[in-house]
Amino acid sequence: MDIKSNHSAPILTDPTPINKPRLGLYDALLPYSSGAVFLTVPWKNPAVNNWLDAMKSSSPTHQKLTKDSGIDMSANDVAVAYCNWLVKYPSALTSFEHIMNNAKGKRIALFLDYDGTLSPIVDNPDLAFMSDAMRAAVKNVAKYIPTAIISGRSRDKVHEFVGLQELYYAGSHGMDIMGPGKEGEEGNLFQPASEFLPMINEVLKSLVEIAKEIKGAKVENNKFCVSVHYRNVEEKNWQTVAQYVENILKHYPRLRLTHGRKVLEVRPVLKWDKGKAVEFLLESLGLSNCDDVVPIYVGDDRTDEDAFKFLREFGGGFGILVSCAPKESSAFYSLRDPSEVMEFLKLLVMNKKSSPL
Ligand SMILES: [Mg+2]
């Protein structure tokens, strides 16, 4: 299926060209105007301490919950806190019937994050493999429901991890979208940040160099964004990571920094995120009418919140946050971990088999 949309023309709030007409490349590739919006506020040299705070809060854990509360919480207390949190974000497994009742007579579209959703979070991001059982579950659900993987990773990398041809893939937080089939087929590729590529590659080289000076730091090339993983960096050195990244980014006002789970991500100053990617894909699939479509997005990361927020605005869909610890989210439901995600996918298949549209 071609990737196309009736989206409105792009609104560019910053009239200064970078080095060629904006959006030219993908306009040439696709019968689509993206609606991509350049942010009016570029990266502003924030205090490193602010970044450090964000780094520390980017991956809430049971330990953090304990520390923040100032109370030495027992395992039982943590379990109680999680149960209380479930009242606000009910399990998508126990609420499955309710979810399906809302989807009755409507088409479902499924959007899945990769890391921490389909695969476990691991110390080495190159080894974040999904299980064969999970792959089979995703393959199965895609037979019944249009399914897209939306990841901060490069599209090639996440495609390699998942290994299924029949899915839509959105890499680089949705800045690199490909439909099922082969790359290069006309109308099959959408890359709203193409013109940033030379700049991103420059920054990538600089970040790779500085990462060599910080034990445990790892830089990942995600094509239209760059990740600096600090999961394996001692916490006392996190400030050094933030400082080094700041020193590089101050030369690139058209790039900005976002936070993921133990990862800093350098991205173009372009209002394009996982939420925009979901909107784009729904339109491409002809599923943008909230009266008869229920989009479901499953993700675990702060960057998935953009998609959760979009689904709230969309009206008919809902987000499912994957988390084993309480945290605020724009999602409606929750799942504890990737194994529960797999159970949810299996339930979707069983439901489709028993009540096909
Ligand atoms: Mg994730």
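Reply: Strand S8, residues 255-260, is joined to strand S9 by 6 bridges, and the two strands run antiparallel. Within this pairing in the predicted model, Thr 258 stands opposite Glu 265 of S9. The connection between the two strands is a hairpin, with 2 residues between S8 and S9, and in its turn Lys 262 has a positive phi of about 55°.

S9 has a further partner in strand S7, residues 226-229, which is joined to S9 by 4 bridges and also runs antiparallel to it. Here the residue that stands opposite Leu 264 of S9 is Val 228. As for how S9 itself is placed, 6 of the 6 residues in this strand, which spans residues 263-268, are buried, so S9 is largely enclosed by the rest of the structure.

Arg 231 lies in the loop between S7 and helix H9, and its C-alpha atom is separated by 7.1 Å from that of Val 263, although the two residues are 32 apart along the chain. Leaving aside residues up to four places away in sequence, Arg 231 touches Arg 261 and Lys 262, and it also touches Ile 121, Val 122 and Asp 123. With a relative accessible area of 25%, Arg 231 is partly exposed; the cut-off for a buried residue is under 20%, so Arg 231 does not count as buried.

Helix H9, at the other end of that loop, covers residues 238-249, and its 12 residues reach 17 Å from the first C-alpha to the last, which is close to the 16 Å expected at 1.5 Å a residue. The buried residues in H9 include Trp 238, Val 241, Ala 242 and Val 245, together with Glu 246, Ile 248 and Leu 249.

Elsewhere in the protein, 8 strands form an open sheet of mixed pairing, in the order S5-S4-S3-S2-S1-S10-S11-S12. Its edge strands are S5 (189-190) and S12 (333-335), each of which pairs on one side only. Inside that order, strand S10, residues 293-299, pairs with strand S11, residues 318-322, in the parallel sense over 4 bridges, and Tyr 297 has Gly 319 in S11 as its bridge partner.

The model also holds a magnesium ion, whose protein donors are Asp 113 (OD), Asp 115 (O) and Asp 300 (OD), lying 2.1 to 2.2 Å from the ion. Along the sequence these donor residues follow the spacing D-x1-D-x184-D, and both Asp 113 and Asp 115 are buried.

For the protein as a whole, there are 12 helices and 12 strands, and buried residues make up 54% of the 357 residues. Among contacts between residues at least 6 apart in sequence, 66% join residues that are at least 24 apart. The accessible surface comes to about 15,800 Å², and 52% of that surface belongs to carbon and sulfur atoms.

Terms used. Residues are numbered from 1 along each chain as its sequence is written. This is a predicted model: local features need pLDDT of at least 70, side-chain atom pairs count only at pLDDT 80 or more; totals for chains, interfaces and linings use all residues. Side-chain values use heavy atoms; hydrogens and water are left out. Buried means under 20% relative accessible area, exposed over 50%, partly exposed in between (1.4 Å probe, protein chains only). Two strands pair if DSSP finds at least two bridges between them. The expected span of a helix is 1.5 Å times one less than its number of residues. Donors are N, O and S atoms within 2.8 Å of the metal (3.2 Å for Na, K and Ca); water is not among the atoms, so sites may look incomplete. Contact means heavy atoms within 4.5 Å. Accessible areas come from the Shrake-Rupley method with a 1.4 Å probe; for residues, only the protein chains shown count as cover.
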